[in-house]
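This report describes how the secondary-structure elements of one protein chain are arranged. The model examined is predicted.

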Amino acid sequence: MEYTETLKSYAPAPSEREVAEEVARIRAAAGRNARKEVYEFCYSAIDLTTLSCNDSVESVTAFTRKAVEFYDKYPHIPNVASICVYPAFVETVGVAAGDSAMRITSVSAGFPASQTFIEVKALETAMAVENGADEIDVVMNVGKMLTGAYDEAASEIELLRGETQDVVLKVIIESGALKSPELIRKASLLSMLAGADFVKTSTGKIDVAATPEAAVVMCHAIRDYYERMGRKVGFKAAGGVRTAEDAALYYTVVEEILGPEWLDTALFRIGASSAANNLLTAIEGHEVKYF
């Protein structure tokens with residue numbers, strides 16, 4: 001596909017002023033979603049994440065078992081959507097999760113910088129899938145986006161899509177590095193045109209992670225792509241989503257721009273670890289430190 005040419009057929013990005021105005025409107029509306037039912041849904045949309053340099057088989061096993069045991073300890077609350085780990089721990093999660101319904105997400109393709117050989121990205125992704133990953137999160141090459149190499153950036157995603165035919169592919173655009181509405185919109189559209197099932201804000205590994213401004217731009221891109229192509233693509237906010245109020249704000253962004261049909265874990269996710277306890281606290285009405 002001639003990705004750069006295809007981009008030209010889409011409307012330009014909103015201005016920063018237009019984005020700011022829409023975020024202000026959505027913040028004002030988000031108060032209606034500060035309620036238990038929304039918090040329960042947001043908890044069920046979490047990709048519960050451990051992506052640390054000190055992860056080990058032992059720590060990931062304990063992390064997974066804790067998540068799986070949630071089914072028994074809190075049967076009235078829907079459990080998290082998945083556990084998200086580095087590729088080397090996919091099999092560890094699978095063993096620890098046993099026959100539970102827990103899904104496994106793996107970051108891949110040179111996460112978080114995406115600065116390695118495309119052959120390495122493809123092999124790492126294929127191995128994660130082979131080891132049992134249900135979902136794969138990859139990073140679009142930010143350097144290529146910043147220098148205008150849009151065809152190259154999208155072609156890498158297309159190649160990785162080929163390694164993930166039977167699993168969910170989420171593409172991280174690292175919106176905090178792209179900064180402008182124009183680049184955030186282009187990266188979102190390119191990801192979808194290349195086959196992404198989700199577009200995701202951030203790795204959580206740079207100073208600026210998810211922001212409601214980026215979410216607004218990305219959700220408008222998802223809507224425009226859907227209206228033209230007829231394929232629904234999900235949205236994932238990740239990095240810096242810590243409080244129940246943060247989660248409800250992103251829920252409201254999706255509700256306002258994409259509509260209630262996107263309020264399903266097949267189309268809305270939150271990448272988080274600290275948010276889990278805060279959402280549980282808001283749901284239960286007293287402090288919970290489960291994780």
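The sections below treat the barrel, the helix contacts, an aromatic pair and the local backbone.

## The barrel

Eight strands form a closed barrel in the order 1-2-3-4-5-6-7-8, and their pairing is parallel. From one strand to the next, the twist averages 25 degrees.

The pairing of strand 5 (residues 168-172) with strand 6 (residues 198-200) illustrates this arrangement: the two run parallel and are joined by three bridges. Across this pairing, Ile172 stands opposite Lys200 in strand 6. Elsewhere, helix 4 (residues 57-73) lies across strand 1 (46-49) and strand 2 (82-85). Relative to strand 2, helix 4 runs at about 165 degrees.

## Helix 3 and helix 13

Helix 3 (residues 36-44) packs with helix 13 (residues 274-284) at an angle of about 150 degrees, and their axes are 9 Å apart. Because angles over 145 degrees count as roughly antiparallel, helix 3 and helix 13 are roughly antiparallel to each other. Their crossing is left-handed.

On the side of helix 3, the contact is made by Lys36, Tyr39, Glu40, Cys42 and Tyr43. Helix 13 contributes Ala276, Leu279, Leu280, Ala282 and Ile283. By class, the residues of this contact comprise eight nonpolar and two charged, with no polar residue.

## Helix 10 and helix 11

The axes of helix 10 (residues 181-193) and helix 11 (residues 212-229) cross at roughly 40 degrees and come within 9 Å. Helix 10 and helix 11 are therefore oblique to each other. The crossing of helix 10 and helix 11 is right-handed.

In helix 10, the residues that meet helix 11 are Pro181, Ile184, Arg185, Ser188, Leu189, Met192 and Leu193. Their counterparts in helix 11 are Ala214, Val217, Met218, His220, Ala221, Ile222, Asp224 and Tyr225. The contact of helix 10 with helix 11 has 11 nonpolar residues, together with two polar and two charged ones.

## Helix 2 and helix 12

Helix 2 (residues 16-29) and helix 12 pack with their axes 9 Å apart, at an angle of about 110 degrees. Helix 2 and helix 12 are therefore roughly perpendicular to each other. Helix 2 passes helix 12 in a crossing that is right-handed.

Glu22, Arg25, Ile26, Arg27 and Ala29 in helix 2 meet a set of residues in helix 12, namely Leu249, Thr252, Val253, Glu256 and Ile257. The contact of helix 2 with helix 12 divides into five nonpolar residues, one polar and four charged.

## An aromatic pair

A pair of aromatic rings is described by the distance of the centres and the angle of the planes. The count comes to nine aromatic pairs. One of them is formed by Phe41 and Tyr251, with 5.8 Å centre to centre and 70 degrees between the planes; the pair is edge-to-face.

This pair links distant parts of the chain, as Phe41 is in helix 3 and Tyr251 is in helix 12 (residues 244-257). The two residues are 210 residues apart.

Most residues other than glycine have a negative phi, and most peptide bonds are trans. Which peptide bond here is cis? The bond from Phe111 to Pro112 is cis, with omega near 5 degrees. Pro112 is found in the loop between strand 3 (103-108) and helix 6 (118-130).

Ser114 is also in the loop between strand 3 and helix 6. Although Ser114 is not a glycine, its phi is positive, at about 60 degrees.

How values were computed: Residues numbered from 1 in each chain as written. Predicted model: local features only at pLDDT ≥ 70, side-chain atom pairs only at ≥ 80, totals over all residues. Heavy atoms only, no water. Axes fitted to C-alpha atoms, helices over the stretch in contact; angles between N-to-C directions. Helix = DSSP H or I, 4+ residues; strand = E, 2+ residues; numbered from the N terminus. Parallel < 35°, antiparallel > 145°, perpendicular 65-115°, else oblique. Left-handed = near helix turned anticlockwise from the far one by under 90°. Contact = heavy atoms within 4.5 Å. Nonpolar A, V, L, I, M, F, W, Y, C, P; charged D, E, K, R; others polar. Pairing = 2+ DSSP bridges. Phe/Tyr/Trp six-rings, centres within 6.5 Å; stacked < 30°, edge-to-face > 60°.
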